[in-house]
Amino acid sequence: MSFERPYAGIKVVDMSQGVAGPYCGMLLAQHGAEVIKVEPHAGDWSRILGPSHHNHTEFSFGTNMGKRSLAIDLKSAEAPAIIDALVGEADVFLESFRPGVVDRLGFGHERLMALNPGLIYLSISGFGQTGSLREKPAMDPVLQAFSGFMLDNTGQDGVPHRVNSVINDMATALYAFSALAPALYIMGDGVPGRYLDISLMRGAANLSAIRYMSASKGEAVQVPRTAPSGIFQCAEGWLQLVILQDKDFDALCAILELDDLAVDESLRGNEARLRQAPMLIERVGQVLAAKPAAHWRDLFTEAGLQNEMLQDYPQFLAHPQAVETELFSTFDLPGLEQPLPVPNPPGIPKIIDGTPAGTSPVTGQHSDEILDEMGYGAAAIAGLRRRGVITTWTEQATEQGTA
Amino acid sequence: MSYDRPYEGIKVVDLSQGIAGPYCGMLLAQHGADVIKVEPLQGDWARVLGTPTSDHTEFSYLGSLGKRSLAIDLKSPEAPAIVDALVAEADVFMEGFRPGVIDRLGFGHERLMQMNPNLVYLSISGFGQTGPMRNKPAMDPVLQAFTGFMMDNKGNDGIPHRTNTIINDMSTALYAFSAVAPALHAQKNGAGGRYLDVSLMRAAANFTGIRITTASHRELQRAGAPPSGIHATKDGWLQLVIIKDSDFRRVCELMGLDDLKDDAGLSGLPARMEQGERLLARFAPVFLTRPASEWQALFTEAGLQNEVLLSFDEFLAHPHVGETELFSYLELSGLERPWPIPNPPGLPKIEPGTSYGTSPFTGQHCDEVLGGLGYDGDAITDMRNRGVIRTWPAPV
């Protein structure tokens, strides 16, 4: 038991692909679990979500950090014996096929949990394992549309749009982890294994929980919670401002020389200001538009007001606060001019390039090693490769693959 | 030790306010932990974030489900003895003050972990406990601005905006949980306590990490290569996802765009990304010819990922949402309609009227919690009269 890697000794067989399942598996790996990524010869489909470098995209790289990869044809005659042997030793099994598919492949939870009664078996799907939509495929944007999120994320031009971040995949991964961790906590205390049905739909619904509650009160369109808060266009750049308490409002009025607002008794208290939000936003906006965002940021920060200039991602990466807190680790990838920044999750040691926890496998990178540990000899492994059951990564194969 | 509630027996002292800390504590409570919410006499500030109903807003209600509330003036002379007694028995301590404040209050991690070496001590802050910006206050929108998220969340009009969902608070809560849970695992196995510094900034960076990684080495494009995206139809909006070439050819066929279907220059996502504007110009007018539901039926039949954009109400009313018991509905005095609360994965359905389906009022459990520490009725009344604690429903 390691203080820094509490899940050392826990074994995970991870058949999930995409982002939601793999990211959950990555967190398990970073917390010390031994995670074997089982993927098809063509690799996890996240490896082709956009331009790829050295068998990786932005989607596949961070989400597989710290795992080992076994590339195997699950429909081959030899696969069941290999997978069953891995599952026999495993604590956790992850899969993200469409409901029904993993059963047809022969690795459904009923059979595997009969084989290993202590197994925690986690299925990740778009709409869940039950209900009328269960067989529908669904990636992140489908759930942004279905859950009400996109209509809520409408621009000032009245056009709804998608958030570019895969927020539903990420939330689902984190909720999956939040379901797994308590199950792992009591594993071995005489409780049997557990089947967990996690869906992007459930992840999305929980992420936006507060919006549904507001909508049911008829307040979903009340975008601001505080006033005058929001995004303001300045002479150069944009500024986000939050005004909650009276003392914040007083300080704001003083800086912007809005003396009539400062003495207006009908503007005391957040609730009162919310009622006059459009007027307040217009008045504040007029003043802010006259000077650059950086000018206002400095004045507001000095006065203790919550505000921030809108940065783009590269500005954020380069910000002293991000640098000094070691928010990102960087990784060299063959073929990339610049190292790839990947954020360090909280509660785990900083991820270091080149260490096992800081390596994201290419497809089949560890096929030989894993089979060797299972007792397959070199000749048997070569035979499996020749018959197309497994692939083993080589530098040449990867270069050909990306050519 | 319960199968359904693995954290039964774990004790949590939760001084956090807002939503990031409280929601993490709520998940611990839902998984079985005994979570005592320690809040000021006027209540957690989440209780006034919007229009309150019966001492609750959406924020405070969700963030406190399944907890017990002790309302106490932390600056009163009696407070240290009471909080220390709770901490001595606790497995987890949570706080969300600005860095430095908790030390001045006398409950910093060094002192508390010395007193209870097995304690998992979690601090939640905007920018973390170190670095030049550590003392800056920061709520969700500040982090949406700081991390690059807002600039990436621009409308077609080029104006950046905030998502109404507080994605940074929620993801911070989830990342905090993902740090606390393994620490509890280690604690159970004899590793002792642990100090955890979790910030909204770190969570936000991780939550949107894929975009940040992408932006670091190539020009950011709107996610999804056309014809993936949101399309205006005759009567509403439709989201379509096209990844594979075979799906692209299929959608061209279904929409009568046969020349695009046979265009070899449009195979592969990168090619379609590059020619996105041309593709959108061709698809947009066709989408406008039929209602969203007709396109949906056609695409779904062909096995293509698509969905009509639903409003929150339409989503809540969808048969699939009902069939999967996605939401529980909890009553609160003053609400016209019960509140829809999504059931988190891996947990039993939240049932109204149970302790898991109840969110405490400010100080609702003072008597019970202090009684558990050995304070008798007279002592509790005395503290109430002197303004050390506030019990519900007595006025402040």
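## A buried asparagine

Asn116(B) sits in a loop of chain B. That loop runs between helix H5 (109-115) and strand S5 (120-125). The model is a predicted one.

Is Asn116(B) buried or exposed? Its relative accessible area is 8%. The cut-off for buried is under 20%, so Asn116(B) counts as buried.

## What the side chain reaches

Which residues does Asn116(B) touch, leaving aside its neighbours within four places in sequence? They are Val87(B), Ala88(B) and Ala90(B).

Two of these contacts involve polar atoms of the side chain. A polar atom of the Asn116(B) side chain lies 2.9 Å from the backbone oxygen of Val87(B). The side chain of Asn116(B) also reaches the backbone oxygen of Ala90(B), again at 2.9 Å.

## Domains in each chain

Chain B is assigned a domain 1 and a domain 2. Domain 1 of chain B is written in two pieces, 11-210 and 352-385. Domain 2 of chain B covers 229-315. Their C-alpha centres lie 44 Å apart.

Chain A is also assigned a domain 1 and a domain 2. Here domain 1 takes in 11-211 and 357-400, while domain 2 spans 230-316. In chain A, 45 Å separate the two domain centres, taken over C-alpha atoms.

## Where the chains meet

The size of an interface is often given as the accessible area lost when the parts come together. For chain A and chain B, that buried area is about 12400 Å². Of this area, 67% is on carbon and sulfur atoms.

## Charged and polar links

Six salt bridges are found across the interface of chain A and chain B. Glu307(B) forms a salt bridge with Lys136(A). The closest N and O atoms of this pair are 3.0 Å apart.

Polar contacts also cross the interface. There are 47 residue pairs in polar contact, counting pairs with both residues at pLDDT 80 or more.

## Chain A's side of the interface

Note on methods. Residues are numbered from 1 along each chain as its sequence is written. Chains are lettered from A and ligands numbered from 1 in the order in which they are written. This is a predicted model: local features need pLDDT of at least 70, side-chain atom pairs count only at pLDDT 80 or more; totals for chains, interfaces and linings use all residues. Side-chain values use heavy atoms; hydrogens and water are left out. Domain bounds come from an automatic or database domain assignment. Buried area is the accessible area (1.4 Å probe) that two parts lose on being put together, summed over both. A salt bridge is a side-chain nitrogen of Lys or Arg within 4 Å of a carboxyl oxygen of Asp or Glu. A polar contact is a pair of N or O atoms within 3.5 Å; within protein, one must be able to donate a hydrogen and the other to accept it, and residues adjacent in sequence count only if both atoms are side-chain atoms. Helices (H or I, at least four residues) and strands (E, at least two) are DSSP runs, numbered from the N terminus. Buried means under 20% relative accessible area, exposed over 50%, partly exposed in between (1.4 Å probe, protein chains only). Contact means heavy atoms within 4.5 Å.
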